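Work through the exercises below with the sequence and the model in view. Each task is followed by its solution.

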Amino acid sequence: MRQLLWIDSRGGLFVGVLVVPMAGVLSRLYGIPYQVVLGMGIANLAYGTYSYLLERRTRRPRRMVMALAAANATWAVLCALAAVAFAGQATAIGL
């Protein structure tokens, strides 16, 4: 599990570190409002941080692992809803 959390946390942090400073450029490229792109970057940073903190623990309570799984499921639903909500204005890359 530690390796999966390592990949999970670094992936979230990496994407967040790239998206937050490039939110303006990505907003234009995706055809999605700046605030939405910035929010996605911040969400990735938060998720990556939580995943990293969970990875660093020697003991991982089940509730903390379940919270991470719930965050993944929630994020998938939010991304699907965003794709539907911005389908009329987003570029092909943005969708």
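**Exercise 1.** State how many helices and strands the protein chain has, and their order.

Solution. The protein chain holds 4 helices and 0 strands, where helices (H or I, at least four residues) and strands (E, at least two) are DSSP runs numbered from the N terminus. Read from the N terminus on, the order is α-α-α-α. The model is predicted: local features need pLDDT of at least 70, side-chain atom pairs count only at pLDDT 80 or more, and totals for chains, interfaces and linings use all residues. Residues are numbered from 1 along each chain as its sequence is written, and side-chain values use heavy atoms, with hydrogens and water left out.

**Exercise 2.** Compare the span of helix H4 with the expected one, and find buried residues in H4.

Solution. H4 covers residues 62-85, 24 residues in total. From first C-alpha to last it reaches 34 Å, close to the 34 Å expected at 1.5 Å a residue; the expected span is 1.5 Å times one less than the number of residues. Buried (under 20% relative accessible area, 1.4 Å probe, protein chains only) in H4 are Met 64, Leu 68 and Ala 82.

**Exercise 3.** Describe how H3 and H4 are placed against each other.

Solution. First, the axes (lines fitted to C-alpha atoms over the stretch in contact, with angles from 0 to 180 degrees between N-to-C directions) come within 11 Å and cross at roughly 165°. H3 and H4 are therefore roughly antiparallel, a label for angles over 145 degrees. Next, list contacts, meaning heavy atoms within 4.5 Å. Residues of H3 including Tyr 47 and Leu 54 meet residues of H4, among them Met 64, Leu 68 and Ala 82.

Conventions: Buried < 20%, exposed > 50% of the residue type's maximum accessible area, 1.4 Å probe, protein only. Parallel < 35°, antiparallel > 145°, perpendicular 65-115°, else oblique.
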